[in-house]
Amino acid sequence: MGLIKNIFGSGKKEEGIQICAPVAGRLVPISEVSDPTFADGILGQGAAIMPDDNRFLAPADGTVTTIFPTGHAAVITTDDGAEVLLHIGVDTVKLNGEHFTIHAEEGRKVSRGDLILEADLEQIKAAGYDIITPIVICNTDDFAEVAMAEAKDVEAGDTVLTLKK
């Protein structure tokens, strides 16, 4: 339990609110997402991960406020008030839930690192979909700054976004 506590700590640090990687993979700027809704920041600022794992975890302590019935996306409202959208892939809503498994329900309190969704990434890619996973702060305007960590390979639990009020 000590190791998990070190990886998935409370997330509130003096330098700002920490949003963790929900999945291991390559962290990239959100501008690299092929869908302009994400790339142009229409839904808010954030980052994206090209995932290496099929398991998507809560990026912070909070409450699951939305689970899409197709299992391709979820919104977690953190205890600090950030609305964090995890969106697995581009246009994956069109799969109608195929290749996705939901492990959380709306209204459920979650801790950083709790399993939220699973996705069979190989099957999703085989169906012709991009698996890049945007992590968007939907209420960006509530924060003075949304800063992305350096683009690099990340593990689930690594800080990928820092929010300042």
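Helices and strands here are DSSP runs, a helix being H or I over at least four residues and a strand being E over at least two, and both are numbered from the N terminus. With that in mind, Arg112 sits in the loop between β10 (109-110) and β11 (115-119).

Before I go on, please remember that this is a predicted model, in which local features need pLDDT of at least 70 and side-chain atom pairs count only at pLDDT 80 or more, while totals for chains, interfaces and linings use all residues. Residues are numbered from 1 along each chain as its sequence is written, and side-chain values use heavy atoms, with hydrogens and water left out.

I will call a residue buried under 20% relative accessible area, exposed over 50%, and partly exposed in between, with a 1.4 Å probe and protein chains only. A salt bridge, in turn, needs a side-chain nitrogen of Lys or Arg within 4 Å of a carboxyl oxygen of Asp or Glu. A polar atom of the Arg112 side chain does, however, lie 2.9 Å from the backbone oxygen of Gln18. Ser111, in the loop between β10 and β11 as well, is partly exposed, with a relative accessible area of 38%.

Turning to the salt bridges, a search of the whole structure finds 4. One of them joins the side chains of Arg26 and Asp153, at 3.7 Å from N to O, and this pair links distant parts of the chain, with Arg26 in strand β3 (residues 25-29) and Asp153 in strand β14 (residues 153-154), 127 residues apart. Arg26 is partly exposed at 38%, whereas Asp153 is exposed at 56%.

Another salt bridge is formed by Asp79 and Lys109, whose closest N and O atoms are 2.8 Å apart. Asp79 lies in the loop between β7 (73-78) and β8 (83-87) and Lys109 in strand β10, so the pair ties together parts that are 30 residues apart in sequence. Lys109 is exposed, with a relative accessible area of 53%.

The side chains of Lys164 and Glu145 also meet in a salt bridge, at 3.9 Å from N to O. Lys164 belongs to strand β15 (residues 159-164) and Glu145 to strand β13 (residues 145-148), so this pair ties together parts 19 residues apart in sequence.

Key: Polar contact = N/O pair within 3.5 Å; in protein donor to acceptor, adjacent residues only side chain to side chain.
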